[in-house]
Amino acid sequence: HDLKGPLSNLRLAHYLLRKFVSENPRPLELLDNADVSIETMQNVIDDFLDMTALQSGHIDLRIGDVAVADVVNSLVRQYELNALKKDITIDTHVSGVIQADHGRLEQALGNLLSNALKYSPRGSVVTVNTGQDGEFVRISVVDQGPGVPDDERDILFTQFGKLSARPTDGESSTGLGLWIAKHLTQIQGGEIGVDSPAGGGSTFWIEMPAAVVHEAG
């Protein structure tokens with residue numbers, strides 16, 4: 001938490017400096033690089049705070065009915081700029097209501113979407129869709145990246161686990177995102193996994209209990 005204050009000051013200074021050099025391309029390029037560095041630091045801090053909270057068991061949950069479309073639409077807005085920078089289209093086909101903690105589900109699913117964007121080639125499509133099988137709703141994030149080699153699946157959801165494939169635009173990775181997504185999903189009573197066909201691409205998915213439909217009358 002001691003790092004968040006100075007980081008907020010850097011963000012403010014960055015914002016003010018950008019207003020002063022709006023017509024000069026060289027300083028703007030330097031500020032763009034600074035923006036990437038600040039974002040990287042923020043992600044590292046957030047991941048380590050989440051890791052500490054999960055390891056200590058200090059995670060508050062408010063389980064209730066959550067509309068999948070609300071979560072996915074919020075995430076698309078959050079990651080729209082990241083997608084635009086790589087000319088990636090985020091295509092969504094989602095429905096259903098599940099039992100989950102809205103904020104923690106958004107965080108877990110956000111890690112999957114962020115991961116898909118990092119490893120997707122420019123000009124590709126990332127698809128988010130849903131399907132229901134009995135008492136569970138599966139939310140899938142499908143990318144057109146390199147996929148996950150069979151011999152690396154064991155480390156995929158581990159702490160600090162990193163694959164041989166690298167982000168396609170030099171994005172940073174702490175190796176904690178999928179580990180955090182796994183634990184956030186499981187403490188809500190869900191499951192997480194990945195399917196990666198030989199032809200390339202990956203489908204990361206989260207399954208959560210479907211909300212109970214109460215009959216009227």
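The model is a predicted one, in which local features need pLDDT of at least 70 and side-chain atom pairs count only at pLDDT 80 or more, while totals for chains, interfaces and linings use all residues. Residues are numbered from 1 along each chain as its sequence is written, and side-chain values use heavy atoms, with hydrogens and water left out.

For the geometry, I noted that H3 (residues 68-85) and H4 (residues 102-119) pack at about 35 degrees with their axes 10 Å apart; helices are DSSP runs of H or I, at least four residues, and strands are runs of E, at least two, numbered from the N terminus. Axes are lines fitted to C-alpha atoms, for helices over the stretch in contact, and angles run from 0 to 180 degrees between N-to-C directions.

I then turned to Ala 181, which lies in helix H5 (residues 177-186) and counts as buried because its relative accessibility is 0% (buried means under 20% relative accessible area, exposed over 50%, partly exposed in between, with a 1.4 Å probe and protein chains only). Leu 109 is 72 residues from Ala 181 in sequence, yet their C-alpha atoms are 7.1 Å apart.

Last, I checked Ser 120, which sits in the loop between H4 and strand E4 (125-133) and is also counted as buried, at 0% relative accessibility.
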